[in-house]
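Hi everyone, thanks for coming. Let me put the structure up, and then we'll walk through a few parts of it.

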Amino acid sequence: MKKLLILALTACLLVSCLCAAGAEGTRAFVDLTGRTVELPETFERIAVSGPLAQIVVFALAPDMLVGIATDWSAEAEQYLPTEYYSLPVLGQLYGTKGALNLEELLAADPQVVIDVGEPKDGIAEDLDALSEQTGIPFVHVTARLSTLDETYTMLGELLGRPEEGAVLAAYCRGVYDRAVDIAQSVEKVDLLYITGSEGLNVIARDSYHSEVIDLMSNNLAVVESPSSKGTGNEVDMEQLLSWDPAYILFAPGSIYDTVAEDATWQNLQAIASGAYSEVPEGPDNWMGFPPSAQRLLGLMWMGKLLYPEAADYDLYTETAQYYDLFYHCELTQEQFDALTARSAF
């Protein structure tokens, strides 16, 4: 009898311990700033720190998002499921489009805020301060074009979706490696990526925003201090004429529509010969800005645009697969044709 009582008491204590562990339900997670963060065992509600993270995380866990960092573009409505297009805007931690709205963030009640991208100076201190201020854990996952597979592997483990993360990781690795193979097999085209309403900004070589351009072309925009902004470095027409690229990519909203009739721009060989295109946009700019996962579209688009013989894939098929995996929508041929209408294939 005494032995049974001891066993019963032991069982009760074990159940109590297990319940306590379940109630706590936390785990230690080391993010890519080196910070150890206490996180819930499982997630149902997450938020993101900016538009780059928004695009990356949306592919893996749109159903977990309690809000978005910034409004999707007007073009996004035709691609994104309605319930995700109309999520509340919580603001962003970095950038020029407004600060993180802590009141809205607290009201949304996420279990974690995920920052994705290039680690900024002082980011560890920033995230620690926000975690302490809000009581919500903030974590950082680094993402570069060449390591998006690692990003999705880590996010899959973080959010309890390792299989889904593995699918996205494999896709990213495959697209990137194929682009590298193409770039290594051709003589790269001398090219400029031009932005701005006057067409007098360029995305400089070796900047965070130039990863696609630098890989797939000979980016002529070599400057002393490459800008970290998506608008790039300001230059003048004299500099553009000095570079005189064989091909020009114009950012959406730049001066693609007017250069053909402009005598000054006709002095550039790319404009005179018609060797220029406008980068597709919808829901996001395919070349970046923000420099997120959609740059994989830019890799595939530039490959087909500049090196059609080496890029032996059907761009519509490849693009539709991306939209299915990352935007959770079925891209029609008509939508694809509209997206690429200003591409000089």
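I'll talk about a helix pair, then the sheet beside it, then the cysteines.

A quick note first: this is a predicted model, where local features need pLDDT of at least 70, side-chain atom pairs count only at pLDDT 80 or more, and totals for chains, interfaces and linings use all residues. Residues are numbered from 1 along each chain as its sequence is written, and side-chain values use heavy atoms, leaving out hydrogens and water.

So, helix 6, residues 148-158, packs with helix 7, residues 162-185, at about 175 degrees, with the axes 8 Å apart. Helices here are DSSP runs of H or I, at least four residues, and strands are E runs of at least two, numbered from the N terminus. Axes are lines fitted to C-alpha atoms, for helices over the stretch in contact, and angles run from 0 to 180 degrees between N-to-C directions. Contact means heavy atoms within 4.5 Å. Among the residues making this one are Tyr152 of helix 6 and Cys172 of helix 7.

Now the sheet: it's open, three strands in the order 3-4-5, paired in parallel. Pairing takes at least two DSSP bridges between two strands. Strand 4, residues 112-117, and strand 5 have five bridges. Helix 6 turns up again here, packing on the sheet and touching strand 4 and strand 5.
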